[in-house]
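Open the model in your viewer and keep the selection panel at hand. Each stop below gives a selection and says what is there.

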Amino acid sequence: MSFTFRLMLRDLRSGDLLTLLLALVISVSTVTSIGLFVDRLQLSFEQESANLLAADRLVRSDDPLPLEWKTQADALSLQYAERTSFTTMMFADNSLQLSQLSAVTDGYPLKGAYLVDDTLFGTGQSSTESPKSGEIWVSSRLASLLNVKIGNQVEVGDASFTVTKYLVRDPGSSTSAFAISPRAVMNMADLAATNVIIPGSRVRYSLLLAGERSALGDYERWITPQLNEGQRWQTPTQRGERIGDTIGRAESFLLLAGTLAVIMSGVAMALASARFVKRHLMQVAILKTLGATPKLLGKVFFQQLFTLFLAGALIGLGIGWAIQELIASILSGLMSTALPEPSVSRLWLGAATGAISMLVFCLPLMSHLIKISPLSVLQPNAKIELNTLFIYVVGFIGMYGLMCVYTNGFLLPSIMTAAISAIALFVAGIGWMAFKLGRSLTSGATSGWQIGLASLYRRLVPNLFQLLVFTLIIMLTLILIGVKSNLIADWQQQLPEDAPNHYLFNVQAEQIETINEATDTLNVPRSDWYPMVRGRVVAANGESVQALYPEERGEPELYERELNLTWSDSIGKGNELVAGDFSANGLSVEQKAAVEANLSLGDELTINIGGNMITLPITSIRTVDWGSMQPNFYLMLPKSALEDYPANFVSSLFIDESAAQPFYKAMSQFPTVSILNVGDILKQIQSIIGQLSKAIQLVLLCILSAGALVLLASVRSTLEERLEEGALLRVLGAKSALVRQALLVEFGALGFFAGLIAALGAEACLFGLQVFVFNSQASFHPLLWLLGPVIGVCVIATIGIFASRTVLKVPPMLLLRGL
Amino acid sequence: MASSTAIKVSNLTHTVTSNTGDLTILKGINMEIKESESVAIVGSSGSGKSTLLGLLAGLDVNTSGEVLLYDQEFSGQSEEKRALIRGQYVGFVFQSFHLLPSLQAIENVMLPAELKGDKDARKKAEVLLDKVGLSHRLTHYPNQLSGGEQQRVAIARAFASNPKILFADEPTGNLDEENGKLIIKLLFDLNQSQGTTLVMVTHDNELAKMCDRQLVMSAGQLTEKSL
């Protein structure tokens, strides 16, 4: 065995290398476990969302699908299916009903499943097969309206079909959420025979795709430039969709958690390296006196570090993999679907974190270690010239780089870095003042209190550094707790258990009263009624939309399609005024739509309502909570502008399972009223949110354990000095209780200050994160101000006493001899 | 009797920079030490004894002048070269022993031979530890040994590389009288049996008297004390 490894094995025995190895293992395993787990969650979200889309990706078109779209999908080995949706009249014996019919090919759905039932208004069993040729599945409401049962015949155009199932949910239905008529599904093979699609019919053709991510990416790049105005590429997590938003925020949280893990690991590595170097300074000086050349020492340490890296990375990756498997298996009992397997390729992140940590935290310190003068053996106080600025700068850049790699962006790392720098300055200032005050209050150290407080100032620099580390760890913990509870509360607020799950459309003014009576009898909660008039924005500030967007590409949503317009005396639930005056006689525009169309207060829009042009200035801008499931509108007009037009009314309701059947029955007396059931989509979103909340809590637990280990490493880094001091005190006659009290006071005070400053820092960071990263409302977190100091005092005092227990136990003689 | 020159020092000057300005610790020192000679460097605290020892052993770089070890220019060399020369010619014994706390007694003694790539390091270390009377303490760690025992391990380590010159910095400074005598005996026995040149910094007059020569360090100047 070479000298390097003999020396290394001996060092391992002493525990110094072991501490470094442990820090590396913690670093690699934390990042690996979170990285892999996030990957699995992301894959899982994508799958869940894909279920809502019935595919991984979808291209939708107003014209029949070009053949080459399918050829290209074949060429890229993508699975595909087709869906053609249109509104048509359906006939049965004596009744007829306008319905939303989808014709699908045999492979449909590519993702997710239908829910079908043999009982009218049943809750449904899943089915991944579509109706066979000659069959049709109709929704319970459609069956009620047509007065048909399973086995009966219905007619669509020239063809006749047998009802074989009641359709509870069509997996792709959410993408056409505002197809208001009752739904039915048939086989694509029968479509031609119906002869219902004629030139000019309003039909939506969809090509559904599923397959490898890379192939889907290739397909997207191939098709995007060819898409015209009536064609659109859709992904499951497209922005703006409720589900996409929810997942987006969860991903931000998990990224944040992972970034914090990176920081904590970095701190652990830095602390362990510093301790290793400190304990090896004299060893290197002695080896030099014995004839070890700097070159040899460089080789020895490099080989040691490299071996350490290999061992640490392998163990860390293994533990990381095991931890995420453990989390996933704990979660599997709670989740409705199994998590997909993580991608092995994500392992590089953990290994890279280990390598970069070694490079930036160990190597610069080690290079200084090699430079130590052998003269130190004769002059133990000889100054060791450490280029601390260089070490800090390298460590700082390395940490920032790691965060950027981890988050694949600069925003989050920049916010975190700025916050940490500010905190560091603040900690240094406050800590210095507090420690000084502590000392001035304790002249004549006789009690544990006085000794404890006085030692805070006596070891000013190491204590300030420790205060900073404690503060950061507690702060990061508080931030995570704050973000977690914010996020979950936000979601729950967004989608409470009794969120509306049905919409009523096409309600005439005179029907409102009867419907109100029916819903009141059934105790069904209902939102306000909103009148709806269809209209299209045709000009902005006198310039026509066609002139503004001649290519019809990049047209803002506000101009792109016919909108539902409404009026209301009050701004409405889930809406918030951000500019202007809602009651003024003008338009109220949703904020994102206004930004997209580059509109601000005072701009004028011309709206075409049934051939009449109305021009009004924008007098207010609102934010809309699209997740609230309340009727929401891009454009609201003054009552005076709309009241003369015939309007339909819309409302949303929450119907629980027990009320469903009587409600549908009651509504069957209003065949013209359209009911949209979004309950299943809602349930799916709620289940995703539930899974996310649990996942986030587990990730938080992981981070907290990593944090505790960092705290332990930090306490250990000043252990020698404390051991020496404790031993001296005991040699001088101090009882163990006094030494223990002094340690308790010292650690307790450090913890208290750290907790307090951490609460302040966390509050500031949460503000930044809420406003800039999560795009939610800023709020105050009183709980953090209590948790911070309490965690600080309890955890740090406990860890401190635990780590320093040798100070109290071991005979002082042995300690002094060993020092 | 000494035959050839082990150490030759000409016009050795050493200046350090401190907060209060430059401070010249050694002022133009000239001396020669013959092979197998034992030399004590004595003087009051702060007179520059340890600084001189450090420069003689190549642990530090002098400001001006020259140090030759067996006719090899030593002082002007790079740290790399000096370390090689130290490994070849020099052994050390320190006042505070300086054993590596994480290594057992035998491992501490093996180090110099291991650094040279000697495959028999362990065997040699066992013999040396036996010579210093510690064959029963091979696997003990420094903190499990008494001060006297630690210094005996340090002496075994110093002789492990068969040094031509042994530098000792207050070797009995941290020991009681009895242990001090034992250490002195060991040092001189080994000095005699292996023909090693012994250069020792000490406050101990008795110890100094046992050496062939005594050099007195005072205010940065070195004078020979006539015996």
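**Ground rules**

This is a predicted model, in which local features need pLDDT of at least 70, side-chain atom pairs count only at pLDDT 80 or more, and totals for chains, interfaces and linings use all residues. Residues are numbered from 1 along each chain as its sequence is written, chains are lettered from A and ligands numbered from 1 in the order in which they are written, and side-chain values use heavy atoms, with hydrogens and water left out.

**Stop 1: chain A**

Select chain A and colour by secondary structure. It has 25 helices and 22 strands. Helices are DSSP runs of H or I with at least four residues, strands are runs of E with at least two, and both are numbered from the N terminus.

Now colour by accessibility. Of the 819 residues of chain A, 55% count as buried. Buried means under 20% relative accessible area, exposed means over 50%, and partly exposed lies in between (1.4 Å probe, protein chains only).

Turn to contacts, meaning heavy atoms within 4.5 Å. Take those in chain A with a separation of 6 or more: 81% of them come from residues 24 or more positions apart.

**Stop 2: helix α12 of chain A**

Select residues 448-458 of chain A. Nine of the eleven residues of this helix, α12, are buried, so the rest of the structure largely encloses it. Among the buried ones are Gly448(A), Ile451(A), Leu453(A), Leu456(A) and Tyr457(A).

**Stop 3: Thr718(A)**

Thr718(A) sits in the loop between α20 (679-717) and α21 (719-731) of chain A. Is Thr718(A) buried or exposed? Its relative accessibility is 7%, so Thr718(A) counts as buried.

Beyond neighbours within four places in sequence, Thr718(A) is in contact with Pro462(A) and Gln466(A).

**Stop 4**

Select Cys362(A) and Cys765(A). Cys362(A) is buried, at 0% relative accessibility. Cys765(A) is buried too, at 11%. A disulfide is a pair of cysteine sulfur atoms within 2.5 Å, and the count over all chains is zero.

**Stop 5**

Side chains of opposite charge can pair when their charged atoms come close. A salt bridge here is a side-chain nitrogen of Lys or Arg within 4 Å of a carboxyl oxygen of Asp or Glu.

Select Asp56(A) and Lys111(A). Their closest N and O atoms are 3.1 Å apart. The pair links distant parts of the chain, 55 residues apart: Asp56(A) is in the loop between α2 (16-53) and β1 (57-61), and Lys111(A) in the loop between β3 (95-104) and β4 (114-117). Asp56(A) is buried at 11% relative accessibility, whereas Lys111(A) is partly exposed at 24%.

Next, pick Glu129(A) and Lys132(A). This salt bridge has its closest N and O atoms 3.9 Å apart.

**Stop 6: the interface**

Show both chains. In contact are 32 residues of chain B and 29 residues of chain A. The two chains bury about 2,700 Å² between them, 64% of it on carbon and sulfur atoms. Buried area is the accessible area (1.4 Å probe) that two parts lose on being put together, summed over both.

How many salt bridges are there between chain B and chain A? The count is three. One of them joins Arg10(A) to Glu114(B), with the closest N and O atoms 2.9 Å apart. On the chain B side, the elements that give two or more residues are α1 (49-56), α2 (79-89), α3 (105-115) and α5 (147-160).

**Stop 7: inside chain B**

Select Gln151(B), which is in helix α5 of chain B. Gln151(B) is buried, with a relative accessible area of 0%. Residues up to four places away in sequence aside, Gln151(B) touches Val93(B), Phe94(B), Gln95(B), Phe97(B), Pro171(B), Leu175(B) and Ile183(B).

Finish on Lys185(B) and Asp189(B). Their side chains meet in a salt bridge (3.0 Å, N to O). Both lie in helix α6 (residues 177-194) of chain B, four residues apart, about one turn of the helix. Lys185(B) is exposed at 53% relative accessibility, and Asp189(B) is partly exposed at 39%.
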